[in-house]
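Subject: Structure for your review

Dear colleague,

Please find below the structure that I am handing over to you. My notes on what was found follow it, and I would be grateful if you read them with the structure open.

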Amino acid sequence: MKFSGSRSLTVVSVAVAAVVLAACGKKEVVSTEVVVKIGHVGPVSGAIAHLGKDNENGARMAIEELNAAGLKIGDKTAKFELLAEDDAADPKQGTAAAQKLVDAKVNGVIGHLNSGTTIPASQLYNGAGIPQISPSATNPKYTRQGYAGAFRVVADDVHLGGTLGKYAVETLKGQNIAVIDDRTAYGQGVAEEFKKAVEATGGKIVGHEFTTDKASDFNAILTTLKAKKPDVVFFGGMDAVAGPMLRQMKSLGINAKFMGGDGICTAELAKLAGDAMKDESVICAEAGGVEGEQKVGMDKFRADFKAKFNADVQVYAPYVYDAVKVMATAMVNAGSADPAKYLPALKSITYKGVTGDIAFDEKGDIKNGALTLFTYKGGERSQIAVVR
């Protein structure tokens with residue numbers, strides 16, 4: 001499938017161009033450097049700015065390493081530049097940020113973080129012929145729009161919500177399972193897949209309530225659910241909402257296990273929930289994961305990240321890091337940073353990253369995507385298992 005849109009991209013800018021006048025006449029000196037613009041978009045303001053900054057730092061780390069390595073694209077040394085934009089996890093701001101990157105004629109985009117911003121932005125990138133790799137958007141719709149340049153390096157909500165739903169019934173032995181979602185593309189999507197899996201596994205959904213990604217008072221919906229005596233409560237949303245929700249569950253005397261997807265599965269959740277989070281009372285899943293020998297690379301990345309930014313990895317910084325490296329590798333393999341020329345190399349790529357082996361299927365989804373189940377002990381994430 002070809003990209004829509006007829007405008008051709010100005011792919012590279014010449015970093016050094018000069019005409020030298022010698023005694024024997026004019027001599028043109030060919031540039032030895034090519035500038036490659038990589039766009040990144042995430043929420044670096046607002047309630048989940050800690051997650052957006054985590055992603056952006058992953059991109060910055062990759063860009064610095066690529067430049068230090070002196071990669072060649074064709075016969076030119078590549079100089080990578082990061083163009084970082086803030087979408088505040090808002091779809092309208094997300095499309096505005098996407099348009100800025102299109103106007104800047106970037107060679108590729110890594111982002112966005114949220115499904116609700118990634119999906120509308122993808123229409124603009126597709127129209128401009130710019131490949132996009134999302135490091136964290138899990139709504140299935142993103143890669144099912146038929147866009148040739150849409151990719152992701154994590155498993156989608158079908159896998160994420162489905163695995164959690166099955167776990168709630170088979171492992172947690174949930175009898176009365178309640179669901180809350182924040183009505184975003186991500187939260188609603190993962191909640192619906194969770195519900196499907198619960199019912200398919202023989203579980204019982206006793207209620208489904210709704211909030212927003214900006215809410216802070218959940219007493220009404222939690223009181224409604226308390227009357228139904230849930231032993232498991234699943235929340236489709238982000239950690240900034242999940243933390244206060246856990247506090248209010250405690251104050252209402254709701255002692256159910258609390259579950260959620262990758263949006264709540266962060267280092268920050270324990271701080272946001274405070275003393276409302278008992279050991280092993282929260283179960284969540286990250287849409288990725290490594291095991292065995294691959295853990296060595298991930299552990300090194302986390303240590304290097306901490307040393308560089310004086311911050312622990314929240315969730316998806318390593319996936320952003322790998323996505324940047326994957327895009328750059330496709331350019332090297334194709335001998336060009338022209339999106340139309342490196343896209344085939346991106347589609348067929350096989351890359352060993354810190355997050356595992358990366359290759360894409362015909363839709364642009366990662367092949368054999370992993371999930372990592374976590375709980376929390378002593379305020380720290382504790383891995384339960386990696387599943388595929």
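A search of the whole structure, which is a predicted model, finds one disulfide. The cysteines joined are C265 and C284, with 2.2 Å from S to S. A disulfide is a covalent bond between the sulfur atoms of two cysteines. The torsion about the S-S bond of C265 and C284 is about 60°, so this disulfide is right-handed. C265 lies in the loop between β13 (257–260) and α8 (269–273), while C284 belongs to strand β14 (residues 282–286), so the pair ties together parts that are 19 residues apart in sequence. C265 counts as buried, at 0% relative accessibility, and C284 is likewise buried at 0%.

The next topic is helix α9, which covers residues 294–309 and has 16 residues. From the first C-alpha to the last, α9 reaches 23 Å, close to the 22 Å expected at 1.5 Å a residue. Which residues of α9 are buried? They are M298, F301 and F305. Seen down the axis of α9, the buried residues fall within an arc of 55°, so they line one face of the helix. On the face of α9 turned away from the buried side are the exposed residues V296, K300 and A307. After α9 comes N310, whose phi is positive, near 55°.

F194 lies in helix α5 (residues 185–200) and F234 in strand β12 (residues 232–236), so the pair ties together parts that are 40 residues apart in sequence. F194 counts as buried at 0% relative accessibility, and F234 is also buried, with a relative accessible area of 0%.

Another pair, F301 and F305, is tilted: the centres are 5.8 Å apart and the planes make an angle of 35°. F301 and F305 are four residues apart in helix α9, and are therefore separated by about one helical turn. Both F301 and F305 are buried. Ring pairs also link F301, F305, F309 and Y321 into a cluster.

Charged side chains sit over rings in the following two places. The charged end of K308 sits over the ring of F309, 5.7 Å from the ring centre. The charged end of R381 sits over the ring of F374, 3.8 Å from the ring centre.

Finally, a note on T224, which is found in helix α6 (residues 219–226). Its relative accessible area is 36%, and T224 is therefore partly exposed, a term that applies between 20% and 50%. The C-alpha atoms of T224 and E209 are separated by 8.6 Å, and these residues are 15 apart along the chain.

Yours sincerely,
A colleague

Conventions:
Residues numbered from 1 in each chain as written. Predicted model: local features only at pLDDT ≥ 70, side-chain atom pairs only at ≥ 80, totals over all residues. Heavy atoms only, no water. Helix = DSSP H or I, 4+ residues; strand = E, 2+ residues; numbered from the N terminus. Expected span 1.5 Å × (residues − 1). Buried < 20%, exposed > 50% of the residue type's maximum accessible area, 1.4 Å probe, protein only. Arc of directions from axis to C-beta. Phe/Tyr/Trp six-rings, centres within 6.5 Å; stacked < 30°, edge-to-face > 60°. Lys NZ or Arg CZ within 6 Å of the ring centre and 35° of its normal. Disulfide = S-S within 2.5 Å.
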